[in-house]
Amino acid sequence: MKFGIITHAIHKIRDGQTYAYEPYVREMNLWGTYADELIILAPIAKGEVTSIETNYLHSNIKIVSIPNFDITSAKNLFKSLLVVPKVCWLIYKVMKEVNHIHLRCPGNVGLLGCLIQVLFPFKPKTVKYAGNWNPNSSNQPLSYRFQKWLLGNTFFTKNCKILVYGRWENQTKNIVPFFTASYKENEIIQLPEKTFKKKVKFIYVGAFTKGKQPLTSVKVVEQLFNNGYPVELSMFGDGDQFLVVEKYIKDNNLSKIVLLKGNQSKEKVKLAFQESHFLIFISKSEGWPKVVAEAMFWSCLPISTNVSCIPYMLDYGNRGSIVNDNIEEISSTIQNYLENFDIYTEQIKKAKNWSQEYTLNKFEKEISKFV
């Protein structure tokens with residue numbers, strides 16, 4: 001079977017191997033086990049392979065390179081007018097050639113793919129919608145809302161399963177609640193009980209962007225420290241807000257309690273989850289926040305915002321806390337755990353048990369139903 005992947009994910013080719021963002025490739029390697037050939041349409045970039053990228057494992061891969069472009073605003077759309085027709089033609093050719101079409105949405109390439117897949121009503125298709133599918137979320141780009149409407153419209157989108165994060169009411173029959181996994185069953189280990197007798201460890205994992213609000217995590221830990229709690233925050237990731245966070249730490253003499261780790265390997269982040277008591281993740285927009293699921297997997301209690309399917313993941317406050325992006329509120333929520341250890345241990349047990357149901361083993365079994 002020829003399996004066609006239409007994606008906006010940046011790919012790199014080094015020494016005959018194809019690389020991209022590690023969590024995405026990890027998932028695509030599972031889809032690839034059911035294909036004789038992968039045909040990947042994606043932007044190709046130069047540069048060194050980073051620690052957060054890994055390679056496809058499939059032995060038969062064909063790359064269809066497209067330019068990186070942006071059509072999320074009228075200004076950028078005008079600049080992309082010369083590029084879009086060529087990309088549409090390449091998408092059409094890939095869809096015509098393959099036996100199964102797999103779209104990665106939302107995104108610029110996904111938007112074009114959503115339109116062109118209409119021309120293939122009888123060809124099997126899957127769409128991984130990695131954004132916020134919440135039908136009540138109004139704070140989304142027009143292009144994202146259009147993709148959701150078109151994908152959910154069974155007149156235009158036929159013979160297709162749309163895998164979305166969370167369970168939502170009043171959805172069309174082609175919408176399938178789904179998840180993302182990070183670990184295998186054989187990785188599950190019994191961790192020592194986490195206590196607050198010594199240092200209370202916090203973790204932040206994700207891009208350093210305004211939408212992820214990494215500085216909020218710093219300010220929460222700063223306030224807890226000023227309130228007399230022995231705390232430490234380890235921050236993993238990079239982005240355009242990294243220097244802002246770094247400057248705040250320096251200006252406020254927080255270097256002993258806030259540790260900037262940068263981008264690190266999956267194994268190093270896993271160890272940090274295992275050693276941490278709390279994840280502080282005050283994001284404004286998410287699909288399936290894998291760092292929340294990963295934290296729960298390792299008995300690290302999430303403190304997060306009410307976006308996308310996070311309330312569902314945290315069982316509406318029984319497997320962690322759902323907060324606003326108010327530093328006083330977040331600090332008070334954490335202090336309540338620090339003063340009530342029984343509540344903390346009860347919730348991390350629930351969080352661990354729930355997350356460890358969603359392993360890569362189960363993920364692969366679920367994928368097999370759609371290929």
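In the helix α6, the residues Pro214, Thr216, Ser217, Val218, Val220, Val221, Glu222, Gln223 and Leu224 are buried. The model described here is predicted. The packing partners of these buried α6 residues are the strands β11 (200-205), β12 (231-236), β13 (258-262) and β14 (278-281), together with the helices α7 (242-251) and α11 (327-339). Helix α6 covers residues 214-226, and its 13 residues should span 18 Å at 1.5 Å a residue; the C-alpha atoms at its ends are 19 Å apart, which agrees with that expectation. Just after α6, a positive phi of about 100° is found at Gly228.

The largest nonpolar core comprises 82 residues, and those with the most contacts inside it are Phe202, Phe273, Phe278, Leu279 and Ile334. Helix α9 (residues 290-297) gives the most to this core, contributing six residues. Apart from this core lies another, of 30 residues, which includes Val64, Val84, Ile101 and Cys160. When residues up to four places away in sequence are not counted, Phe273 touches Tyr183, Lys194, Ile203, Val205, Leu279, Val291, Glu294, Ala295, Trp298 and Cys300.

Arg167 is located in the loop that runs between β9 (160-165) and β10 (175-178). Its relative accessibility is 60%, so Arg167 counts as exposed, the cut-off for this class being over 50%. Arg167 touches Pro177 and Tyr312, with residues up to four places away in sequence not counted. Between Arg167 and Thr157, which are ten residues apart in sequence, the C-alpha to C-alpha distance is 20 Å.

Notes. Residues numbered from 1 in each chain as written. Predicted model: local features only at pLDDT ≥ 70, side-chain atom pairs only at ≥ 80, totals over all residues. Heavy atoms only, no water. Helix = DSSP H or I, 4+ residues; strand = E, 2+ residues; numbered from the N terminus. Expected span 1.5 Å × (residues − 1). Buried < 20%, exposed > 50% of the residue type's maximum accessible area, 1.4 Å probe, protein only. Contact = heavy atoms within 4.5 Å. Core = buried A, V, L, I, M, F, W, Y, C linked by side-chain atoms within 4.5 Å.
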